[in-house]
Amino acid sequence: MSRPDQAIADLQLPPGLAEGEATMPGLLRHRARTMPNQIALREKSRGIWRGTTWQSYFEKARAFALFLKAQGFMAGDKLIIASDGTPEWFVADLAAQSLGGVTVGIYPTNPWPELQYIANHCRAKIAVCGDQEQTDKVLTAMRLEGGLPEMKRVLTVDWKGMRPYTDSCLMPFHDALEEGLSLARQPAQLEAYEAIIDGLKADQDAIIVYTSGTTGMPKGARISHRGILLDAWALGQVHGLAGKPVSVVCYLPLCHVAERLMSPVMQLAYGTVVYFAESIDTVTHNLREIGPSFFFGVPRTWEKLQYEILIKSRDARPLAQWAFKRALAIASPIAERTINNGGTPLNLRDKVTGWLLRITIFSNLLASIGLDRTWICMTGGASISPSVILFFRAMGVPIYQIYGMTESSGASHAQTKNSSRLGWCGAPLPGIVEQRILPDGELQLRGRIVFNGYLYDEVASAAALSDGWLSTGDVVEIDKATGEVQVIDRKKAILITSGGKNITPSLIENTLKESLYISEAVLLGDGRHFVSALIQIDLDTVGKWAQERGLAYTTYDTLAQLEAVKELIAADVNRVNERFSRVENIRKFVILRKQLDHDDGELTATMKVRRNVIEKKFAAEISEIYGPTKDAA
């Protein structure tokens, strides 16, 4: 058994590490020493992509760390970041960690009460805010309902609109950097800082990620340097990232463990170049400009990209429309055969045909969404429809599913080129995690990527960890020959009808969401006589469908109430019913008259449905289905 601070070296991450560099700040320093002039970060400013070298990245992180140290920030202290992804996010993150502190990300969409709860719970001393909106949330949280008694400083990156503010705790992020750069001119400060980095241990807390909180208040998962670095390294190893020039796009919230893993941590492990999308709404535009070699997307991202391609093909000339449909009809079975054949075309004919279809038909469409130069893609965070995977595979874009959770540092399982069965999530990442399945079907994990427990919550930690085994809460099927995992559903989400039949809601919900016209579906039926569903239509696709037919509407609500829309959704529900047994059929459904929203408490910050909230908030709609009592049929 290796010492914790040598765990990274065990996997040769990367070669040539000195003692004490097997942490994220240590790796940043290593990159600055070994590749100082190579570009690490790119951000668009005034229409131009401007780069930051590894040397500059390290110097900024060091400067901000020296500022924090001067403010009394010490080992074990917590810094919160409420911002979209920016270079300053990376700098603040690594600066706090380099002092032995811990970084806590806050979703930019979180309202101030949620921010206040997290900041108070972790006892944060410093806040870094992206702009005026995020700063206002922190200031409101400091003033109302008990405030934030531990908070000492609030630093804002974009100072636009902030000049009238007079709060003594406020300071522009740029000014903090300048103070830190002045301190960095003192040899004694630099020597002390180097000693602090050398003293970091790979098994100490590096980041705290607060869970989504589908039930109850969110819990702070303590993730170590070792855990998330090993995770990134192992994930890159199974996909052959070592030694290749890799560029990625950072666009998802960095407070989510998946984006943290794929952008800053994977970058430290493999020296990748990170591009920052201008906003979540400009991702497709930025993708076209960047043409990344690596792209991670949650299922909803891939669904939107698929929709964009389909819309572009429908708007094309009749001959081009026919050519696309015909090419897709030929390429889809080829892609399926290739997947079933371990990632290799079944025969020469399939190989040549697939290549010809890509260069003649699909390449321009892929270029229009910026994926024509992408050679590896991943998806995770939620279940994705196999039809979406197959669609992109047919076009020549390989999407590999990963599985994991916050408490496993992000990813514990990953598909590879030779193992990418539709609907499955791959085998455990080699060398860092092992798995077992309990009699009730729940998956448990053990290994060096498992978290250090929940912050200030021994009861929850003990419930999640037993003899080193992490309970995932997911019911799975395991292929005994390969170790691959297929997720059936969340353990707590299984529905049991009044007739005693067990129903797996996510399988049916995901099948419903294969429809271009359904963006969300919530299955009902626990303790009831039959299965039903609450359905949220997709405003963009259904809106376009309605416009093409001359149907008038003004808002989501008026669109959802159109009788023609109900018939459209009913047809898709019927098609889904044909794929399941009679007891699993959706006998009734209601189209929601509002879109589910995080601000209204119906979704978590990661867009997962809060089922208990849905049942309460949409009691009237549920009564419309079942009658005034739960047991009414």
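Visitor: Is Phe-276 buried or exposed?
Guide: This is a predicted model, in which local features need pLDDT of at least 70, side-chain atom pairs count only at pLDDT 80 or more, and totals for chains, interfaces and linings use all residues. Residues are numbered from 1 along each chain as its sequence is written, and side-chain values use heavy atoms, with hydrogens and water left out. Buried means under 20% relative accessible area, exposed over 50% and partly exposed in between (1.4 Å probe, protein chains only). Phe-276 has a relative accessible area of 2% and is therefore buried.

Visitor: How many aromatic pairs does a search of the whole structure find?
Guide: Rings of Phe, Tyr and Trp (its six-membered ring) pair if their centres lie within 6.5 Å; planes under 30 degrees apart count as stacked, over 60 as edge-to-face and the rest as tilted. By a search of the whole structure, the number of aromatic pairs is 14.

Visitor: What is the angle between the planes of Trp-49 and Tyr-275?
Guide: Trp-49 and Tyr-275 form an edge-to-face pair. Trp-49 belongs to strand S2 (residues 48-53) and Tyr-275 to strand S11 (residues 273-276), so the pair ties together parts that are 226 residues apart in sequence; strands (E, at least two residues) and helices (H or I, at least four) are DSSP runs numbered from the N terminus. The centres are 5.5 Å apart, and the angle between the planes is 75°.

Visitor: Why is the pair of Phe-90 and Phe-276 edge-to-face?
Guide: Phe-90 is in helix H4 (residues 87-98) and Phe-276 in strand S11, 186 residues apart. Phe-90 is buried, at a relative accessible area of 1%. The ring centres are 5.0 Å apart, and the pair is edge-to-face because the planes stand at 70°.

Visitor: Over which ring does the charged end of Lys-244 sit?
Guide: A charge sits over a ring if NZ of Lys or CZ of Arg is within 6 Å of the ring centre and within 35 degrees of the ring normal. Arg-123 lies over the face of Tyr-456, at 3.9 Å from the ring centre. For Lys-244, the charged end is 4.5 Å from the centre of the ring of Trp-375.

Visitor: How many disulfides does a search of the whole structure find?
Guide: A disulfide is a pair of cysteine sulfur atoms within 2.5 Å. The cysteine sulfur closest to that of Cys-250 is in Cys-255, at 11 Å, which is too far for a bond. Cys-250 is buried at 1% relative accessible area, and Cys-255 is buried at 5%. The number of disulfides found in the whole structure is zero.
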